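Welcome! Open your viewer, get your selection tool ready, and follow along stop by stop.

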Amino acid sequence: MAGPAAWRSLLARGPRPLLGHVVRPSTSTATPSSAAGDDAVLHGSVNDVRGYDEVPGPRPVPFLGNSWRFLPVVGNYRIEQMDKVCLGLHRQYGDIVKVAGLLGRPDMVFVFDADLIEQVFRGEDALLPVRPSMPSLDAFKHGIRKDFFGDLAGVIAVHGPKWLEFRTRVQQVMLQPRTAKLYVGAIQDTADSFVRRVRRLRSPAGDAPPDFVNEIHKWSLESIARVALDARLGCLDDRPPADTQALIDAVNTFFMNVGVLELKPPLWKIFPTPTWKAYIRALDDITNITSGYITRALDALRETEHAELGPDASLLQRVLASHDARTAHILAIDLFLVGIDTTSAALSSALYQLALHPEQQEKLHGEVVRVLGPDGAVTASALEDMPYLRAVLKEVLRMYPVVIGNGRTLTEDTVVGGYLIPKGTQIIFQHYVASNQDRYFPEAGRFRPERWLREHQAACPAHPFASLPFGYGRRMCIGRRFAELELHTVVAKMVQNFRMEYNKAPLPYRVHPMYMPHGPLQLTLHAR
Ligand code: HEM
């Protein structure tokens, strides 16, 4: 770690000119004599640079550091309430906060200011961004199931050249708008099945089914299977295949346990704790169940193997055409790992917010009926003609980003917010706290989708780094286009079919495992 001696030696060199927020001194003048090594490069002006020790934050105690704060009973940091923990850190310490001395893991430095978030994200442009996530998944992919994953283990929990190689293989196909557009029919079909199922399961008074969130999970799983496997799983049928629920449960178990394994002292590295065992079982289930589907999808595709790849070729066909079956399978596992709970949390949150805000719901209904008619289908061009629909989703994800924080591990010593932060530290972007501040979004606590409409943005543009629900840069969400397509389509269909109300006690938001309303989502759904 770069200690006071390192930054003092930097200060002795005098200030360097500022280029925007970040300075990249030439190698000949930039090499600090820091403990991080002679090859460390500094970003940021060294004028007024303060030492890492001076970054404000809760004080670690001897032996347990700050880890005790995550312990039951004595600690006050609850993983499921990280929103409140982070609001508290921001209130108490300001825009940059260090949580140091965490047993078995690097320090975390939280940044709550959009300019600082921009600085760190932009600084990574020339590097291979490392998202500090999931050493436990890394252990699964590169240790326990190395036989299956091999060297190219996907993008989740993979870093450096291996990440770049895999991401390069799949990102062009995944992020092309025309690829997502090919799925409008399949996604619309899935949204229709969801609406029909909800209609069937409603009580005579219109109450949503008791485990509505599980029904939402099924919609999400069915949607991702259409994208990743070209398969119709039948999750929304009356008699879904047995492994469907097993897959949903496994993904949920994976997410429920990953936070515990990462933020609490990593005892799993010493012996297999019950949490670790449940986590590995869940990952094995996900790998095995998806293997079955992948094999079937590949068999079906083999028949068309020699056919020319037309413009309508699916994601799976395109990946198979340019790479191999293993790449397609590993990609599918990654998409299943992160593409189910994220979209179901976002849909739960969107329906809940619309039910709480009848005025905005009516405005959206007006737009949907204008573009689709009372029972018309969603098409690619119809989606482009529904700005209020897009604004509603943006506003939901601004106020309640389902991934409440994101991060990068610094690969070089970096000046952030005037402090010299050593290489290896995890910078955590607390999107939830940033995007709920009045300084970026006036009346940030009010649900106002209008703020995202073009007229409003022209007059009062939002800070581009104040609300980043899908991340940023070379490592940003690779499924964004699919997520948006799925969510826009199903929200439009729900609003077209139902007037939604929520008349029960308000639901708190919790990180459970995504950031979403916690408790039974007891909406009342009146047929339109
Ligand atoms: C509302 C829904 C979703 C949200 C809010 C979301 C958010 C995110 C965020 C914040 C990241 C980290 C980005 C970064 O580090 O800069 C991410 C990464 C990722 N997401 Fe999503 N996501 C969603 C849905 C999906 C879906 C449906 C898929 C799959 C089709 C998907 C696939 C991925 C993958 C593979 C990565 C890792 C990318 C990499 O490390 O290279 N996501 N997502």
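**Stop one: a loop cysteine**

Select cysteine 477, which sits in the loop between α20 (454–459) and α21 (480–497); helices (H or I, at least four residues) and strands (E, at least two) are DSSP runs, numbered from the N terminus. Before going on, note that residues are numbered from 1 along each chain as its sequence is written. This is a predicted model: local features need pLDDT of at least 70, side-chain atom pairs count only at pLDDT 80 or more, and totals for chains, interfaces and linings use all residues.

Is cysteine 477 buried or exposed? Cysteine 477 is buried because 21 other C-beta atoms lie within 10 Å. Here, buried means 20 or more other C-beta atoms within 10 Å of a residue's own, exposed means 12 or fewer, and partly exposed is in between, with C-beta atoms placed from the backbone. Leaving aside neighbours within four places in sequence, cysteine 477 is in contact with Phe470 and Gly471 (C-beta atoms, placed from the backbone, within 7 Å).

**Stop two: a helix leucine**

Now pick leucine 261 in helix α11 (residues 242–263). Leucine 261 counts as buried because it has 20 C-beta neighbours inside 10 Å. Beyond neighbours within four places in sequence, its contacts include Ser136, Trp268 and Tyr279.

**Stop three: a pair of strands**

Finally, select strand β1 (residues 96–99): Ile96 and Lys98 on one side, and Val97 and Val99 on the other, are all buried. β1 pairs with strand β2 (residues 108–111) in the antiparallel sense over four bridges; pairing requires at least two DSSP bridges between strands. Look for methionine 108 in β2, the bridge partner of valine 99.

Definitions and conventions. Two residues are in contact if their C-beta atoms, placed from the backbone, lie within 7 Å.
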